[in-house]
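Student: Hi, I have a structure open and I'd like to go through it with you. Could we take it one topic at a time?
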Amino acid sequence: MEARSRRPIIAGNWKMYKTVPEAMEAAGDLVGLLRPEPDVEVMIAPPFPALYPVKQILNGSCVRMGAQNVFWEDEGAFTGEVSTQMLVSAGCSYVLIGHSERRRYFNETDSNINKKLSAAFLNNLTPILCVGETEEARENNNTFSVLDKQMEMGLLGLSAESLQTLVLAYEPVWAIGTGKTASNEQAQEVHAFLREWIEKKIGNKLAKSIRILYGGSVKPNNIRGLMAMPDIDGALVGGASLVPESFAQIVRF
Ligand code: PEP
């Protein structure tokens, strides 16, 4: 695979943290810290109630906004769910799909994830599909078979054309919120596997252009080593994205 020419993305997942005023304050601080504009794409994913007010703060800045989840139907009697159109109308341009916390605590299946991806593509939301193995799977040498299944079932029936905007995030479950980061080499090995997977199953063009982010305890002190790997095109950051100063340091790796 030739040298990377893909624009990195640094994405912040705020999970279920921050009230509306707290989110607005953090977004304002981040916008201030990111002047002059960095040479990477920056995205934050606040909790649902904060989306619209945070967008008002981000307008005119380089920071894009994403949601942490979405439902696949356009509208209807689905109490508690949120559609892609609602997210777009609140100012989102990205959506996280299949985060391991959703798979684990909310029984999100690969088939649900597949429907969410289709809905995102239909409504011009850029999906960030999260995949990753548990500690047990890694210890039993099942990392690649787990990823193969998540990719195969998650992308089932989606055409190469619709996948053009897809972003992948490799997030080993054992590294999320644990302080244990995959080594640069461990992460690179999986990113290369995912890129080859795309090349074999979808095509060379997408394999070259797709951005594959690493997620799992990314901090200001480990981002540079990860970003030096040829197949790592950015980061999905949880804990460290909650503090504008540390997220801004990651953005300026
Ligand atoms: C995440 O939530 O996607 C994540 C990677 O979290 P953390 O950076 O806290 O490990």
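Student: To start with, how many aromatic pairs does the structure hold?

Tutor: Keeping in mind that this is a predicted model, the structure holds 4 aromatic pairs. One of them is formed by Phe144 and Phe193, whose rings are tilted, with 45° between the planes and 4.7 Å from centre to centre.

Student: Which parts of the chain does the pair of Phe144 and Phe193 tie together?

Tutor: Phe144 belongs to helix 7, which covers residues 143-154, while Phe193 sits in helix 8, so the pair ties together parts that are 49 residues apart in sequence.

Student: And is Phe144 buried or exposed, or something in between?

Tutor: Phe144 is partly exposed, since its relative accessible area is 32%, and that category covers values between the limits of 20% for buried and 50% for exposed.

Student: Which residues do ring pairs link into a cluster?

Tutor: The cluster consists of Phe71, Trp72 and Phe78, which are linked by ring pairs.

Student: OK, switching to charges. How many salt bridges are there?

Tutor: The structure holds 13 salt bridges. As a general point, side chains of opposite charge can pair when their charged atoms come close. One example here is the salt bridge between the side chains of Glu133 and Arg138, with 2.7 Å from N to O; Glu133 is buried, with a relative accessible area of 0%.

Student: What about Lys180, which residue does its side chain meet in a salt bridge?

Tutor: The side chain of Lys180 meets that of Glu135, at 2.9 Å from N to O. Lys180 is in the loop between strand 6 (167-170) and helix 8 (184-201), whereas Glu135 is in helix 6 (residues 135-139), so this pair ties together parts that are 45 residues apart in sequence. Lys180 counts as partly exposed at 40% relative accessibility, and Glu135 also counts as partly exposed, at 35%.

Student: Where does Asp233 lie, and where is its partner Arg195?

Tutor: The side chains of Asp233 and Arg195 meet in a salt bridge at 2.7 Å, N to O. Asp233 lies in the loop between helix 10 (223-227) and strand 8 (234-237), and Arg195 lies in helix 8, so the pair ties together parts that are 38 residues apart in sequence.

Student: Are those two buried or exposed?

Tutor: Asp233 is buried, with a relative accessible area of 0%, and Arg195 is buried as well, with 1%. These two also belong to a network of salt bridges that links Arg6, Arg195, Asp231 and Asp233.

Student: New topic, the ligand. Which residues come nearest to it?

Tutor: There are 14 residues around the ligand, and those that come nearest are Lys15, Glu171, Gly177, Ser217 and Gly238.

Student: How much of the ligand does the protein bury?

Tutor: The ligand taken alone exposes 300 Å², and the protein buries 97% of that.

Conventions. Residues are numbered from 1 along each chain as its sequence is written. This is a predicted model: local features need pLDDT of at least 70, side-chain atom pairs count only at pLDDT 80 or more; totals for chains, interfaces and linings use all residues. Side-chain values use heavy atoms; hydrogens and water are left out. A residue is near a molecule or strand if one of its heavy atoms lies within 4 Å of it. Accessible areas come from the Shrake-Rupley method with a 1.4 Å probe; for residues, only the protein chains shown count as cover. A salt bridge is a side-chain nitrogen of Lys or Arg within 4 Å of a carboxyl oxygen of Asp or Glu. Buried means under 20% relative accessible area, exposed over 50%, partly exposed in between (1.4 Å probe, protein chains only). Helices (H or I, at least four residues) and strands (E, at least two) are DSSP runs, numbered from the N terminus. Rings of Phe, Tyr and Trp (its six-membered ring) pair if their centres lie within 6.5 Å; planes under 30 degrees apart count as stacked, over 60 as edge-to-face and the rest as tilted.
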